[in-house]
Amino acid sequence: MSARLWMSTAIAVAFLAQNAVSVAADLRIGIITPPPHEWSKTATRVAEDIKAKSGGKINLLVFPSGQLGNEAQMLQQLQSGVLDFAFLTLGEFANRDPNYGALLAPYLVKNVAGARALLKGPAAQELLAGMSKFGVVGLGYGMAGMRQILTAGEVKAAGDLSGKKIRTIPLAPELDFWRMLGSAPTPMPLPAVYDAFANRQIDGMQIDFEGTWNTKYYTNAGTMIASNHMMFPMIAVASARKWAIFSKEDEELIASVMKAQIDQLVASYARIDADYLAKIRTTKVSIVEASRPFFGPAIDRWYSEWRNKAPILKKLEEEAGKL
Ligand code: BEZ
């Protein structure tokens, strides 16, 4: 390449890097949750805030309910730069690198406050910083409600879950947890769960209080095991390809709005969980309060396997032990 051509190419690239957001028409964020879900509401707040703070220059369009595809499809779109942002569960990351699955260790944290603190700690931040290997930039952690168990019939002890088909996300740490309990984990995307439960294709599900109430799963349920057995992190990501052409100023604006809004989301889940549990208590569903001993030796077995599968788990346990 001649020196002159090289210079003009370099100038064009620099120009694009500084101005890409202003020339791009609209940016898009994809989410699998339906519009009433807190993730979707947070995405709308992020869009409003970014628009206001950029003086109307950056217009972020929110696509809830998996309108842009499931998480695997959205990750591909992020990698190719067709999609700009997403709020994603750990699913796609944990199945590529088990260290991300360690964030789903049973009873790693006691509650939402513990989840919030651990997600700000060095081990979780190391995972966030390592997301470039997936072709995305990790902008921060959000979460959904603590995981609970909703079943069709009566459950009084963990033994009652044995042999039962329990809906999970297709995630190795979740599948292992249920297998170790003697249940039959049945991976299923969120939109398929209502019908599967109503038709008894599944006997129960791992879910949160919010989904139980808003999606009316409780109408077909007998028992809610209020176990709080797992935190459920979400990661706000940007397409690394698109991020590379945003100006520094726009990057900082978007990153700071995302960070603040999703941290607010995490903090609010203590109240959200409590509010939805109170609503579920008004229904015919029996509530069984459960803590780690309820699950017997299965959890210790889970940890002894996963400390080998996911080396970061030990660091997370150490940090969690100090909270
Ligand atoms: C679920 O698949 O259970 C789920 C996904 C996103 C947010 C909350 C729950």
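How far does a polar side-chain atom of R147 lie from an oxygen atom of the ligand?

Tutor: That distance is 3.0 Å, which counts as a polar contact (a pair of N or O atoms within 3.5 Å). Keep in mind that this is a predicted model, where local features need pLDDT of at least 70 and side-chain atom pairs count only at pLDDT 80 or more, while totals for chains, interfaces and linings use all residues. Numbering starts from 1 along each chain as its sequence is written, and side-chain values use heavy atoms, with hydrogens and water left out.

Zoom out a bit and you get 13 residues around the ligand, each with a heavy atom within 4 Å of it. R147 and R167 are among the closest, along with W39, I169 and L190. On its own the ligand has 260 Å² of accessible area, and the protein covers 97% of that (Shrake-Rupley method, 1.4 Å probe). Sorted by class, the shell has seven nonpolar, three polar and three charged residues, with Trp, Ile and Leu among the nonpolar types and Arg among the charged ones.

Now for the domains, whose bounds come from an automatic or database assignment. Domain 1 covers 3-144 + 232-275, and domain 2 covers 148-230 + 278-321. Their C-alpha centres lie 27 Å apart, and the contact between them (heavy atoms within 4.5 Å) takes 30 residues from domain 1 and 35 residues from domain 2. Both domains give residues to the shell around the ligand, so the ligand lies between them.

Terms used. A polar contact is a pair of N or O atoms within 3.5 Å; within protein, one must be able to donate a hydrogen and the other to accept it, and residues adjacent in sequence count only if both atoms are side-chain atoms.
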